[in-house]
Amino acid sequence: TVDLDRMTGITSTDGTGALLGFTETTVVIRTPAPTTVATIRNNDADPVTVDAGVTASPPGIDVELDGSSRVLAPGETIAVEAACTVPPEGAQGTADYTIVADAAGPLVQITDATLVGSLTYECPGRPSGPPR
């Protein structure tokens with residue numbers, strides 16, 4: 001949606017080049033250590049305040065943001081990370097996640113920017129039996 005008091009030109013671009021750019025990374029999640037699966041980038045010339053949230057399904061894979069509300073300088077990113085958080089017997093498969101973000105700067109306001117992504121996980125189980 002655009003509100004203008006004067007004439008201007010508007011150009012649309014894909015997810016990585018948009019004012020609030022999304023980039024999905026192809027990785028396989030194999031450990032409980034956080035692994036970056038996507039980023040949100042400020043492509044504006046001015047700082048913007050970004051409020052974002054992420055949801056994932058199934059819930060056995062932990063997908064979260066590196067901070068859900070913060071000011072991003074031009075070119076700065078927020079990482080979206082995933083980690084194995086599955087039952088002791090382990091699990092593997094795919095998970096879908098959705099990122100929804102709003103951003104506001106001096107001359108721009110973005111609402112409900114959305115990235116729907118998927119990731120693959122191969123999470124090992126915990127060792128069973130007494131320690132050796």
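1. Cys84 counts as buried at 9% relative accessibility, where buried means under 20% relative accessible area, exposed over 50% and partly exposed in between, with a 1.4 Å probe and protein chains only. Cys123 is likewise buried, with a relative accessible area of 5%. This is a predicted model, in which local features need pLDDT of at least 70 and side-chain atom pairs count only at pLDDT 80 or more, whereas totals for chains, interfaces and linings use all residues. Residues are numbered from 1 along each chain as its sequence is written, and side-chain values use heavy atoms, with hydrogens and water left out.

2. Cys84 and Cys123 form a disulfide with their sulfur atoms 2.1 Å apart; the term denotes a pair of cysteine sulfur atoms within 2.5 Å. A search of the whole structure finds one disulfide. The angle about the S-S bond is -80°, and the link of Cys84 and Cys123 is left-handed. Cys84 lies in strand E7 (residues 77-84) and Cys123 in strand E9 (residues 109-123), so the pair ties together parts that are 39 residues apart in sequence. Strands (E, at least two residues) and helices (H or I, at least four) are DSSP runs, numbered from the N terminus.

3. The strand that holds Cys84, E7, belongs to an open sheet of four strands. The order is E1-E3-E7-E5, and the pairing is antiparallel; two strands pair if DSSP finds at least two bridges between them. Strand E1 (20-24) and strand E5 (61-65) stand at the edges with a single partner strand each, so one side of each is left without a neighbour in the sheet. Neighbouring strands of this sheet are turned by 15° against each other on average, direction ignored. Such angles run from 0 to 180 degrees between N-to-C directions, and the axes are lines fitted to C-alpha atoms, for helices over the stretch in contact. E5 and E7 pair in the antiparallel sense over five bridges, and Glu64 stands opposite Glu81 in E7.

4. The strand that holds Cys123, E9, belongs to an open sheet of five strands. Here the order is E2-E9-E8-E4-E6, and the pairing is mixed. At the edges stand strand E2 (28-29) and strand E6 (69-72), each with a single partner strand, so one side of each is left without a neighbour in the sheet.

5. A hairpin of four residues links E8 to E9, and Gln92 stands opposite Glu122 in E9. Nine bridges join E4 to strand E8 (residues 91-104), again antiparallel, with Val54 opposite Ile99 in E8. Strand E4 (residues 48-57) runs antiparallel to E6, with four bridges between them; Val48 stands opposite Leu72 in E6.

6. Leaving aside neighbours within four places in sequence, Asn42 is in contact (heavy atoms within 4.5 Å) with Leu19, Pro47, Val48, Leu72, Ala73, Pro74, Gly75 and Glu76. Among these partners, Val48 and Leu72 are the residues that stand opposite each other between E4 and E6.
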